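Biologist: Please show me the model, and then let us discuss it step by step.

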Amino acid sequence: MDASTEQDRSLEPKDLTGGDYGFIALIVVVLIAVTLLGVHSVRVALKTEGTKRNGEQWAAWFTKASETRFAPDYAIAACAGGAKPVAAPAAAGEEAKPADTPAADAAAAPAPAAGTWGACLAHLTGAGEFKDMVNPFTGKAPNFIPACNPADRSLVGSIVIEKSTANPPGSAVATVTSQLVDADLIAEKMALKISVCDKGSYAVKVAEIEF
Amino acid sequence: MEDRKLISIKELDVRELLEVDKPADIPHDLPFRKWLYSWMLDPAIPGNFQRSFDKWIGLLIIANLFSLIFETVPGIYEPYKHWFEFFDLFSIAIFTVEYLLRFYLSAEDAAFKGKVSSRLAYVLSPFAIIDALAIVPFYLVRVFGLSIDLHVLKALRVLRLLKILRIVIPAYQEFAAANRGRTFRQKVHALIFDSPNGGRLHEMFQLFIAGWVLISVFSVIFESVHGLSYLLNIEFVILDAVAVTIFTIEYCMRMYSCVEEPGYKGTVMGRWRQFKSPSTVIDFLAILPFFLEVFLDHLLDLRFLRVFRLTRLLKLTRGNDATATLVKVVSREWPVIAAAGFIMVLLVVLTASLGYLFEYEAQPDKFENIPTSIYWAVITLASVGYGDISPVTAPGRAMTIVLAFIGIGIFAIPAALLSSAFSDELHKEREELKNNLYKIMKDGVIDAGEVAIIRAEAKRMHLGVEEVNALINLIQHELDKEADLKSLPISTIAQRPELAVEHYKSLISDIRSLALLTDEAAFDATVKARDSLTASDIALWRQIQGKT
């Protein structure tokens, strides 16, 4: 065997060993595992995106409604502006009857007074354009809560609607923000802030709008 | 053989030695096409614009990638639509000029020169097809009015990214040639670790990792901006997942091939040593938050871990010698720094206690306990002085004056120590380099291995052509003098004071070199064991070493 042949053979690529195959297999497994975890992360992030879209839909509706709801012929009477609140059918002091099921509980609850946010919300989520809205995390209708709380994971995908109330001139803080509750009157224009709870139940601000 | 080529130090060209690009030596009287090819595209002519041309085209391709990504985000694309279109036009213009240039100059390219029609051969070559795919869809739609679905058009634009192969494939071929006959693990090692077999592919790999580190760190920073995070939440999640995938694969490759590194031999122990090394710990910390967040998110609120993704920035310190020098300096000066720290702690506790003693009765709400007073003492000692807590009693104020004065000195000690030690370390390294060069050049010639050492040392110490040239001249001068002096008998040198001084300097330099190169502990042990030096000899040795 001459020297050049010997040299050529020494330059041949060496065969893969068992360890090399093991490493390649590990890389393939790692690649698949990390890709799957990445896909999982993206799926969860997409749910947060879905929640944000819910918030944006509400923001868009509020913005649109704020332009038309003070007109006398506004279609959604429950959300119309300028209307005086009408007393609720159930008297304030009347004791609530015990309810066996959540449905019965809901049925037993006094209907919100017209001209309040409660009536408007009931209309919008009951028969209005938000009746089919779904919380992407739970697959059920989204909850309206006072605030997101990272310690309570059951709040993921919920919506927080807050109203800003102006303080008297000269106050240290110009406005106070509080949850928009059912009893709040909506006869006049109000400034609202919409947030949603993300996958960790942290608040994500969606918009500040007028209603 | 190239490796055995010897270069005389008299003919040494430092620019060539350090691989600093010299202006290409291309004759002006060449035919225009050949002249243009030599300047723009010939990879065999050092100092021409070929590498710069490839580099800028590569950067434009990467910019196109980002443009394609951002175009998918309506929140970014819609407001800046015109800028995106302008950038697209600009890219097409550059890629068209590049294509036409390569087409025109293909007649000079050795790969196509011998063919019947060199230009047709070029047009049908794989790289030219890729180049054409990058621009043809644009002209079909904009110039010829062809109706192509927008999604297909976007998919065709992705093909532009394939142009990067024009840079990657030659680097891979160079890598394959340099690693022919080596094992798979050795090849992985050459790709991941600094080694003579890595070549341009290793540099590209490092650049790729550094690029992803920067992308990943910027995405963590921008994620904290609500407006951006709101718009780009999905993009940030995808970027993080891709970054973690890349860093995890890199981590596995590093752990697998580390046993090829000197000092890390051994399948288990070598890898364990590598696992414990600071740079690998950083690599591990760079990927850990992602996995913890995915696996433990339902149990704990691990959002705070996201900030730890910024540790990925530390990955850039790998291979940075300045960081290694700083670590060396801090570990060498650690006892003194610790002593200064101890004095600081002592001073802080003492003054805080006194502050509490003097001020508590006057301001119980501010100096309510010693820990609060410690906060005040540290803020005062460090000359920050927020002013939220300040003394009102006369003894308290007097003590604050003293504290402020002491603070200036106390906080300056560690800074001065570090600065002086850093300067010493650099000086020592430079002396070491000088000694290495001296040894290398003593025989009047240098070989390829010695060239590699000089190149590596110059790179490590960030020395430019002028500095290496000055160092070589100095050594050359000393060598000349030494040659002159060594040829003379000592009695003749002794009779001439100027020669005696030079000879003395040469001897001292020899002793310094000896002190630097010898194992200090072994030297001392031998002296002790054999009792071979007198006390004055030892004292002189220590003095020359700078230890007394």
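Modeller: In E3(A), Ala191(A) is the bridge partner of Ser164(A); helices (H or I, at least four residues) and strands (E, at least two) are DSSP runs, numbered from the N terminus. This is a predicted model, in which local features need pLDDT of at least 70, side-chain atom pairs count only at pLDDT 80 or more, and totals for chains, interfaces and linings use all residues. Residues are numbered from 1 along each chain as its sequence is written, while chains are lettered from A and ligands numbered from 1 in the order in which they are written.

Biologist: Over how many bridges do E1(A) and E3(A) pair?

Modeller: Two strands pair if DSSP finds at least two bridges between them. E1(A) and E3(A) pair in the antiparallel sense, and the number of bridges is six.

Biologist: In what order do the four strands of the open sheet stand?

Modeller: E1(A) also pairs with E2(A), antiparallel and over five bridges, with Thr175(A) in E2(A) as the bridge partner of Ala166(A). E3(A), residues 191–197, is joined to E4(A) by seven bridges, again antiparallel. The order in chain A is E2-E1-E3-E4.

Biologist: Which strands stand at the edges, and why is one side of each left without a neighbour?

Modeller: Each edge strand has a single partner strand, so one side of it has no neighbour in the sheet. The strands at the edges are E2 (175–179) and E4 of chain A.

Biologist: Which residue stands opposite Leu192(A) in E4(A)?

Modeller: Lys193(A) stands opposite Glu208(A) in E4(A). In a regular strand, side chains alternate between the two faces of the sheet. The residue opposite Leu192(A) is Ile209(A).

Biologist: Which residue takes a positive phi in the hairpin of E3(A) and E4(A)?

Modeller: Five residues lie between the strands of this hairpin. The positive phi, near 65°, belongs to Ser201(A).

Biologist: Which residues have the most contacts inside the largest nonpolar core?

Modeller: A nonpolar core is a set of buried Ala, Val, Leu, Ile, Met, Phe, Trp, Tyr and Cys residues joined through C-beta atoms within 7 Å; a residue is buried if 20 or more other C-beta atoms, placed from the backbone, lie within 10 Å of its own, exposed if 12 or fewer, and partly exposed in between. The largest core has 26 residues, and H2, helix H4 (117–126), E1, E3 and E4 of chain A each give two or more residues to it. Those with the most contacts inside it are Cys79(A), Cys120(A), Ile159(A), Ile161(A), Leu192(A) and Ile194(A).

Biologist: Which element supplies the largest share of the side of chain A that touches chain B?

Modeller: Residues are in contact if their C-beta atoms, placed from the backbone, lie within 7 Å, and 28 residues of chain A are in contact with 22 residues of chain B. Helix H2 (18–68) and strand E4 (203–210) of chain A each supply at least two residues of chain A's side. The largest share, 17 residues, comes from H2(A).

Biologist: How are H19(B) and H23(B) oriented to each other?

Modeller: The axes of H19 (residues 394–441) and H23 (residues 497–517) of chain B come within 11 Å and cross at roughly 105°; axes are lines fitted to C-alpha atoms, for helices over the stretch in contact, and angles run from 0 to 180 degrees between N-to-C directions. Angles under 35 degrees count as roughly parallel, over 145 as roughly antiparallel, 65 to 115 as roughly perpendicular and the rest as oblique. H19(B) and H23(B) are therefore roughly perpendicular.

Notes
Two residues are in contact if their C-beta atoms, placed from the backbone, lie within 7 Å.
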